[in-house]
Amino acid sequence: MKDVSLYETISRKPKDTSVSFFKNRHVLRISPHWHEHTEILFFTKGGCSFFCDGHTFEVREGDIVVINSTQVHSYTATDGVAEHYCMHLTPTFFSDVDFQNVQIQNLIRDDAYATQLIKKIRNRKYIKKKGNDLMMKSHAYALLAHFLKKYSYKEDTEETKKNTDNLKRMEDVFSYIDAHYNEDISTSELASLMFVSVSYFCRFFKKVTGTTSAAYISELRIKKSLTLIENTDLGMAEIAERVGFDDPNYFSRVFRSVTGITPSEYRKGIGEEQQ
């Protein structure tokens with residue numbers, strides 16, 4: 001069973017179809033998480049070091065990354081830029097096709113046909129025309145059929161069980177971090193929750209999540225700050241304190257390292273989008 005604290009709820013607008021498509025610009029690091037949706041990323045600028053279910057690989061401009069349903073994943077931009085388009089396919093997207101125990105390889109490179117289909121979906125998304133939802137779905141089905149033919153493989157149940165068992169061992173750790181992210185959390189505290197040494201805990205946490213516990217906590221704090229910036233009029237100093245940063249300047253630096261912009265710029269961008 002996947003760890004609930006890593007679960008990411010993907011918000012959906014009432015008029016969204018089973019194909020959600022959008023562009024990510026100001027995200028340089030994504031902390032470990034999972035969701036039921038199948039996710040397809042198309043990188044248009046920069047690249048990143050990508051972590052997915054215990055494996056790390058380098059992604060560059062033009063690459064496609066497929067995250068299968070329930071795979072724990074994260075990434076860190078390698079050159080300060082990781083612009084990409086993101087497509088989510090709901091579980092119901094596969095309800096009338098045989099997709100059981102089938103996985104798609106994570107990294108797809110130099111595939112002109114797949115790239116063409118993703119660009120067609122992008123064009124349908126951003127050029128408003130009647131029937132676009134149907135065309136987006138048809139292109140998405142064509143893309144998945146192509147992936148199934150060229151890049152699919154049967155799920156390794158032993159590997160999946162191992163990854164699930166590793167996550168289960170860390171349930172208490174993730175729950176503790178989620179409850180106390182705005183407090184000082186020592187590595188020894190977290191290690192004691194697993195009844196292991198600090199050195200073992202550090203190695204195990206990195207193996208399971210692809211990052212360190214300190215980086216995970218910092219990125220979680222930034223994620224929590226986004227909600228406060230978007231939904232309150234609190235000043236940045238107070239927001240920084242509420243999410244666990246004693247120094248507003250340090251909060252701003254970490255925020256920029258994760259999003260590529262400052263907290264003030266992020267709030268300004270939200271205001272401009274709402275106008």
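**View 1. At 13% relative accessibility, His-146 counts as buried (buried is under 20% relative accessible area, exposed is over 50%, and partly exposed is in between, with a 1.4 Å probe and protein chains only).** Before you zoom in, please note that this is a predicted model, in which local features need pLDDT of at least 70 and side-chain atom pairs count only at pLDDT 80 or more, while totals for chains, interfaces and linings use all residues. Residues are numbered from 1 along each chain as its sequence is written, and side-chain values use heavy atoms, with hydrogens and water left out. His-146 belongs to helix H2, which covers residues 132–151 (helices, H or I with at least four residues, and strands, E with at least two, are DSSP runs numbered from the N terminus). If neighbours within four places in sequence are set aside, the contacts of His-146 are Asp-111, Tyr-113, Ala-114 and Tyr-151 (contact means heavy atoms within 4.5 Å).

**View 2. The whole chain has ten helices and nine strands.** Here is the setting for the other close-ups. The chain has 275 residues, and 45% of them count as buried. Among contacts with a separation of 6 or more, 75% are between residues 24 or more positions apart.

**View 3. Lys-23 and Glu-83 form a salt bridge, with 3.9 Å between the closest N and O atoms (a salt bridge is a side-chain nitrogen of Lys or Arg within 4 Å of a carboxyl oxygen of Asp or Glu).** Lys-23 sits in strand S1 (residues 19–24) and Glu-83 in strand S6 (residues 73–89), so this pair ties together parts that lie 60 residues apart in sequence. Lys-23 is partly exposed, at 25% relative accessibility, whereas Glu-83 is buried, at 18%. A search of the whole structure turns up six salt bridges, and two others follow in the next views.

**View 4. In the salt bridge of Asp-63 with Arg-109, the closest N and O atoms are 2.6 Å apart.** Both partners are in loops: Asp-63 lies between strand S4 (55–59) and strand S5 (64–67), and Arg-109 between strand S8 (107–108) and helix H1 (112–126), so parts 46 residues apart in sequence are tied together. Asp-63 is buried, with a relative accessible area of 1%. Arg-109, at 31% relative accessibility, is partly exposed.

**View 5. A salt bridge joins the side chains of Glu-238 and Arg-242, at 3.1 Å from N to O.** These two residues are four residues apart in helix H8 (residues 236–242), so about one helical turn separates them. Glu-238 is partly exposed at a relative accessible area of 36%, and Arg-242 is partly exposed at 43%.

**View 6. Met-170, Val-173, Ile-177, Phe-201, Phe-205 and Phe-251 touch the most other members of the largest nonpolar core, which has 35 residues (such a core is a set of buried Ala, Val, Leu, Ile, Met, Phe, Trp, Tyr and Cys residues joined through side-chain atoms within 4.5 Å).** At least two residues of this core come from each of helix H4 (171–180), H5, helix H6 (198–209), helix H7 (213–231), H8 and helix H9 (248–259). H7 gives the largest share of this core, seven residues. Another core, of 23 residues, lies apart from this one and includes Val-66, Tyr-85, Met-87 and Ile-121. In soluble globular proteins, nonpolar side chains tend to be buried together.

**View 7. Leu-190, in helix H5 (residues 187–194), is buried at 0% relative accessibility.** Not counting residues up to four places away in sequence, Leu-190 touches Val-173, Tyr-176, Ile-177, Ile-185, Phe-201, Ser-213 and Ile-217. The C-alpha atoms of Leu-190 and Val-173 are 5.9 Å apart, although 17 residues separate the two along the chain. Now turn to Ile-177: beyond its neighbours within four places, Ile-177 contacts Ile-185, Leu-190, Phe-205, Tyr-216, Ile-217 and Leu-220.

**View 8. The axes of H7 and H9 come within 10 Å and cross at roughly 95° (axes are lines fitted to C-alpha atoms, for helices over the stretch in contact, and angles run from 0 to 180 degrees between N-to-C directions).** The two helices H7 and H9 are therefore roughly perpendicular to each other (65 to 115 degrees is roughly perpendicular, under 35 roughly parallel, over 145 roughly antiparallel, and the rest oblique).
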